[in-house]
Amino acid sequence: AQLGVVLVAAGRGERLGAGVPKAFVELGGRTLVEHCVETIVSLHGGGHLVIVVPEEAAAATLELASRLVPAGSAWEVAVTPGGRERHESVRFGVAALHETVDLVLVHDAARPLTPAALFERVGAEVRRTGASVIPALPVVDTLKRVSADRVVHETVDRAPLVAVQTPQGFPREQLAAAHDRLGSAPAGSEPTDDAEVVQRAGGSVRTVEGETLAHKLTTPGDLALLEALLQALLA
Ligand code: C5P
């Protein structure tokens, strides 16, 4: 199978309040996009990487990313502008992949320390099963349903629940058809991941074990946590 990776980095990251789009926040002296690109272009066998960014960041991102591709690598990098919602950014990214790509991994730039092993695990399971595959971790905290005024109503059984991450892997046809079918989702019902897009189109999705290191940067507290994880990785 010919591998393609769509790296979505076109979000505004308002919950972080960093003043720059989240994917361009620095962690240990490098942007989140750079961390992700470095991992992706280390994957064996090569492929086509499309980075989806805010339009004004396109030229700079292409230059930055191209420098990270090792000489003689079988990876090719392209950049394309994103959409207003995440699912639109993914749709544009998939459309920009070479026609020969038939297995797609979609990854959030907001998960900068995701190890190469997770990309390999998800990709291998898509190849093995021909199905859509997402990384998932058991939920460890006790879960409660609360009302807007912070009053607890009930405890929710966590046994059947998992927290899901990226990269999420798909046969290209399944992902592209599901996104085409979704079009522009009505406000308030936007899917928050691609597995949801595939499921709305009637497809089934399997899980593989996720990784703690695939933690997503959302709040300032996450930045401190990721910095500590990075230091531990470098030690
Ligand atoms: O905002 P959130 O953390 O859910 O975004 C997840 C990922 O999707 C981020 O990497 C972000 O850059 C990307 N995204 C995008 N285009 C959007 C919204 C989010 O590429 N319109």
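Student: What covers the buried residues of helix 5?

Tutor: In this predicted model, the cover includes helix 3 (86–95), strand 6, strand 7 (132–138), strand 11 and helix 6 (194–200). Contact requires C-beta atoms, placed from the backbone, within 7 Å. Helices (H or I, at least four residues) and strands (E, at least two) are DSSP runs, numbered from the N terminus. Residues are numbered from 1 along each chain as its sequence is written.

Student: Which residues of helix 5 are buried?

Tutor: An α-helix has 3.6 residues a turn, so residues three or four places apart point the same way. In helix 5 (residues 172–182), Gln174, Leu175, Ala178 and His179 are buried. They lie on the same side of helix 5 because they cover an arc of only 120° around the axis, taken from the directions from the helix axis to the C-beta atoms. Buried means 20 or more other C-beta atoms within 10 Å of the residue's own, exposed 12 or fewer, and partly exposed in between, with C-beta atoms placed from the backbone. Glu173, Asp180 and Arg181 are exposed, on the face turned away from the buried side.

Student: How are the faces of strand 11 covered?

Tutor: In a regular strand the side chains alternate between the two faces of the sheet. In strand 11 (residues 168–171), Gln168 and Phe170 are buried on one side, Gly169 and Pro171 on the other.

How values were computed:
This is a predicted model: local features need pLDDT of at least 70, side-chain atom pairs count only at pLDDT 80 or more; totals for chains, interfaces and linings use all residues. Two residues are in contact if their C-beta atoms, placed from the backbone, lie within 7 Å.
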